[in-house]
Amino acid sequence: MGADDKFSNKADELKGRAKEAVGDATDNEQWQAEGRAERAKADIKQAGEKVKDAFRSDK
C-alpha cells in the first residue's frame with residue numbers, strides 16, 4: 001500500500017469519525033449516518049489495499 005493511499009484512507013476514516021461524533025453530540029442523525037458511511041468506505045479501501053499488497057508480496 002502506498003503511503004499516499006494509507007494517508008488518504010486514514011484521513012477519510014478520521015473525517016468519518018469526527019462527523020459521526022458531531023452527529024452524536026448534536027443528535028443529528030444525518031451526520032451520524034454520513035460518518036458511519038465514510039468510515040465504512042475507508043475501511044473497505046484499506047482492506048482492498050491490503051489484499052493488493054498481499055498479492056504483490058507473494059511474487
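1. A quick definition before we start: a polar contact here is a pair of N or O atoms within 3.5 Å; within protein, one atom must be able to donate a hydrogen and the other to accept it, and residues adjacent in sequence count only if both atoms are side-chain atoms. By that rule, the side chains of Q32 and D24 are joined by a polar contact of 2.8 Å.

2. Some housekeeping. This is a predicted model, where local features need pLDDT of at least 70 and side-chain atom pairs count only at pLDDT 80 or more, while totals for chains, interfaces and linings use all residues. Residues are numbered from 1 along each chain as its sequence is written, and side-chain values use heavy atoms, with hydrogens and water left out.

3. Back to Q32, which sits in helix α2 (residues 29-58). Helices are DSSP runs of H or I with at least four residues, numbered from the N terminus. Q32 is buried, at a relative accessible area of 13%; buried means under 20%, exposed over 50%, and partly exposed in between, using a 1.4 Å probe and protein chains only. Leaving aside residues up to four places away in sequence, Q32 touches E20, G23 and D24, where contact means heavy atoms within 4.5 Å.

4. Have a look at N9 as well, over in helix α1 (residues 3-26). N9 is buried, with 5% relative accessibility. Its contacts, again not counting residues up to four places away in sequence, are A42, K45, Q46 and E49.

5. Now the charges. Side chains of opposite charge can pair when their charged atoms come close. A salt bridge here is a side-chain nitrogen of Lys or Arg within 4 Å of a carboxyl oxygen of Asp or Glu, and the count comes to 9 salt bridges.

6. Take R17 and E13: they form a salt bridge, with the closest N and O atoms 3.1 Å apart. The two residues are 4 apart in helix α1, so about one helical turn separates them.

7. Which salt bridge involves K19? The side chain of K19 meets that of E38, at 3.0 Å from N to O. K19 lies in helix α1 and E38 in helix α2, so this pair ties together parts that are 19 residues apart in sequence. K19 is partly exposed, with a relative accessible area of 23%, and E38 is buried, at 19%.

8. R56 and D53 make another salt bridge, at 3.5 Å from N to O. Both residues lie in helix α2, 3 residues apart, or about one turn of the helix. R56 counts as exposed at 52% relative accessibility, while D53 is partly exposed at 24%.

9. One backbone point to finish. Most residues other than glycine have a negative phi. D27 is not a glycine, yet has a positive phi of about 60°. Where is D27 found? D27 is in the loop between α1 and α2, and is exposed, with a relative accessible area of 61%.
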